[in-house]
Every structure is written in C-alpha cells, then in structure tokens.
Amino acid sequence: MNKPINTIMVYIDGTEPSIVAAVYAICLASYTGAKLIVHYVINTKAMEDLLRASIFLEDEQVEYEHDMSADADKYLNYIDELAIKKGISIVQKRSSGSVHTEIENAVKENDVDLLVVGELPRMRSRRDEFFDETERAMRTLCCSVLIVKNEDKVWQVYESLV
Amino acid sequence: MSLIDLVVEKIVKIPLESTDKPGVIRELVQILKDAGEIDDFDAVLAAVQEREFKRSTGLQDGIAVPHGKTKAVSTLKLAIGLSPKGVDFDSLDGKPSNLIFLLVAPPGMSGPHVEALAEIAKIANSKAFCRSLVSSSSSQEVVELMRE
C-alpha cells in the first residue's frame with residue numbers, strides 16, 4: 001500500500017502561527033518519515049503593487065526586498081535548527097513572487113501530499129477572503145491542507161520527540 | 001497577519017484635530033501611545049517622519065499611508081484617523097487627505113508589514129468602501145465596516 005504522506009510542505013512567513021505550523025510539520029515528518037519542505041515566499045508581487053500605488057519608493061522596495069530576503073534566511077535556518085535537534089532533515093525552499101501562486105507551483109513541482117499552514121486569523125471580513133494569500137492558496141491547491149492550531153500543544157508534542 | 005486583526009476602536013480617531021500633515025502624524029502616533037501600543041513616542045514619530053521626508057505618502061482620492069520601520073515596536077502597529085474636512089498631505093492628486101492609515105513595523109517583520117500595506121492599497125482602490133469609511137461617525141462604525 002502506498003504511504004498516504006510522502007512529502008510534506010510547510011509554508012512560513014515569519015509570523016508566530018507559521019512557525020508553530022513548521023514545528024508541527026517537523027513532528028509529522030518524524031512520525032511519518034515523510035520528506036519535509038519548508039517554503040518561504042518573498043512577496044515581491046505585493047511590493048510591486050505598493051510601488052505601483054505609490055506607497056513605496058523604489059529604494060524602499062529594494063530595502064524591503066533585501067529585508068525580506070534576510071528574514072527568509074533567518075526563519076528557514078531557525079526551522080532547520082529545530083528540525084536538526086529532532087534528527088529531521090528539511091529541504092529549505094525560498095521563492096519570490098505572488099505567495100499563493102508560488103505555493104501552488106511548489107506543491108505541483110515537488111509532488112506535495114500535504115501542505116501545512118499556520119492558524120488563520122480568527123476575525124475575517126469579506127475582503128480578507130480575497131486578500132489572504134494563504135487562504136487563496138488553500139482553496140485552489142490539489143493536495144490536502146492541514147491548519148495547525150493550539151501552539152502550546154504543538155510545542156509539547158515537539159519537545160516529546162526523541 | 002491580516003489588517004483586520006489590528007483594527008480596534010482604541011486605534012481609530014474621528015475626527016482628527018490637527019489641520020496639517022506634521023500634526024496629523026503626531027496625533028496618530030499619540031493614539032498608539034495612548035492606546036498602550038507603543039512606549040517610545042519619539043522613536044516611532046521619527047521613523048514615520050523619516051519616510052515621509054523622502055516623499056509624501058499622500059495617495060490619490062483622499063487616502064494617506066504614512067509608515068515606517070523602527071525597533072521601538074515589536075509587532076505591527078496601526079492607527080487610523082479620519083478628517084472629514086481633509087488635510088493637505090502633499091498628495092499625488094493634490095487633493096486633501098480624509099482617511100489616514102499610519103503603520104509602523106519592526107525591522108524583522110518586513111513580510112507582514114508589506115502584506116498589511118498591500119491590504120491598505122487594495123482598500124484605497126475601493127472608492128465606495130473609502131467613502132463609507134470617511135463618512136463614519138464613530139470608531140465603532142469604522143471597526144464594523146472593516147470587519148464586514
């Protein structure tokens with residue numbers, strides 16, 4: 001019988017819920033033996049939109065892109081360290097562009113079975129349904145999606161891994 | 001993080017009392033201070049002023065988005081001010097600004113900062129929604145509109 005989960009991908013953006021999702025993904029990879037891809041998307045599409053809307057200056061766009069690139073390294077390395085502590089090796093993936101498009105492409109390219117994402121904001125407006133990149137990706141992906149909740153429990157599970 | 005997570009009554013001021021751009025920026029930073037969102041008023045003000053000095057964040061159709069990055073905050077901070085009479089914000093179309101979003105972020109949170117600004121940019125594109133916001137008579141009404 002085929003294993004139900006061979007490849008897990010977790011999307012991180014530096015927010016606390018996304019880090020918790022990555023921690024849970026490490027636990028899942030440990031229990032299932034699945035390959036774990038940790039994906040950070042530098043949202044250059046949003047920056048282009050801001051430049052077009054004249055909210056950003058060109059040098060501001062460059063500065064933010066540089067900052068986001070540094071953030072990507074920082075968070076990917078942080079998750080890598082957490083994984084190594086539990087004997088798990090991860091595949092770091094970073095890309096640039098529109099978040100939901102990059103997630104969709106990565107899922108297809110890597111034949112991902114399960115996408116893991118952080119808890120979505122509790123308060124929603126109708127506008128958020130169109131604006132939230134993670135939610136947008138979830139609606140269109142071809143693989144299963146797991147939304148990670150309960151930060152305390154996730155860390156407990158992680159700490160209990162040998 | 002969604003912009004809506006940041007919108008609560010205590011960070012919304014209607015109407016703004018200031019009648020010029022420097023005054024409005026100070027007033028919005030003071031809102032954050034009064035709401036307990038920031039400790040270092042001067043550092044936050046300096047960050048926003050520094051960005052504003054490079055080029056005005058007054059957009060078109062009465063919207064302004066003063067913003068900045070500073071270590072004086074640890075998470076994204078938003079303040080919203082409404083000026084029914086409008087304030088000269090050196091905007092792109094020369095029109096006074098009625099709806100002002102002030103956003104401050106820490107250096108290590110560029111991603112969420114960019115996404116929050118992008119949400120504001122999309123709000124700015126919806127003229128009908130902006131008209132509804134500007135005609136709000138209370139902070140509660142603004143929060144409700146944003147959450148609809």
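This is a predicted model: local features need pLDDT of at least 70, side-chain atom pairs count only at pLDDT 80 or more; totals for chains, interfaces and linings use all residues.
**Figure 1. A:Asp111, a positive phi in a loop.** A:Asp111 lies in the loop between α4 (99-109) and β4 (114-118) of chain A. The phi of A:Asp111 is near 50°, a positive value in a residue other than glycine. Most residues other than glycine have a negative phi. A:Asp111 has 11 C-beta neighbours inside 10 Å, so it counts as exposed.

**Figure 2. A:Ser54, between α2 and α3 of chain A.** A:Ser54 is not a glycine, yet its phi is positive, about 65°. The residue sits in the loop that links α2 to α3 in chain A. Around A:Ser54 there are 18 other C-beta atoms within 10 Å, so the residue is partly exposed.

Figure 3. The buried residues of α3(A) are A:Tyr64, A:Asp67, A:Met68, A:Asp71, A:Ala72, A:Tyr75, A:Ile79 and A:Ala83. Residues three or four places apart on an α-helix point the same way, because the helix has 3.6 residues a turn. Within chain A, the buried residues of α3(A) pack against β1 (7-12), α1 (16-32), β2 (35-42), α2 (44-52) and β3 (90-96). They also pack against α3 (110-125) of chain B. After α3(A) comes A:Gly87, with a positive phi near 75°.

**Figure 4. The side of chain A that touches chain B.** In this interface, 23 residues of chain A are in contact with 27 residues of chain B. On the chain A side, α2, α3 and α5 (126-131) each supply at least two residues. By class, the chain A side has eleven nonpolar, five polar and seven charged residues.

**Figure 5. α2(A) against α3(B).** Two packed helices are described by the angle between their axes and the distance between the axes. Here the axes of α2(A) and α3(B) come within 9 Å and cross at roughly 45°. From α2(A), the contact uses A:Ala46, A:Met47, A:Asp49 and A:Leu50. From α3(B), it uses B:Val114, B:Glu115, B:Leu117, B:Ala118 and B:Ala121. Seven residues of this contact are nonpolar, none is polar and two are charged.

**Figure 6. α3(A) against α3(B).** The axes of α3(A) and α3(B) are 8 Å apart, and the helices pack at an angle of about 135°. The two helices are therefore oblique to each other. A:Tyr64, A:Asp67, A:Met68 and A:Asp71 of α3(A) meet B:Ser110, B:Gly111 and B:Val114 of α3(B). This contact has three nonpolar, two polar and two charged residues.

**Figure 7. A cis peptide bond in chain B.** The bond from B:Ile14 to B:Pro15 is cis, and its omega is near -15°. Most peptide bonds are trans. B:Pro15 lies in the loop between β1 (12-13) and α1 (21-34) of chain B.

Technical notes. Residues are numbered from 1 along each chain as its sequence is written. Chains are lettered from A and ligands numbered from 1 in the order in which they are written. A residue is buried if 20 or more other C-beta atoms lie within 10 Å of its own, exposed if 12 or fewer, and partly exposed in between; C-beta atoms are placed from the backbone. Helices (H or I, at least four residues) and strands (E, at least two) are DSSP runs, numbered from the N terminus. Two residues are in contact if their C-beta atoms, placed from the backbone, lie within 7 Å. Ala, Val, Leu, Ile, Met, Phe, Trp, Tyr, Cys and Pro count as nonpolar, Asp, Glu, Lys and Arg as charged, and the others, Gly among them, as polar. Axes are lines fitted to C-alpha atoms, for helices over the stretch in contact, and angles run from 0 to 180 degrees between N-to-C directions. Angles under 35 degrees count as roughly parallel, over 145 as roughly antiparallel, 65 to 115 as roughly perpendicular and the rest as oblique.
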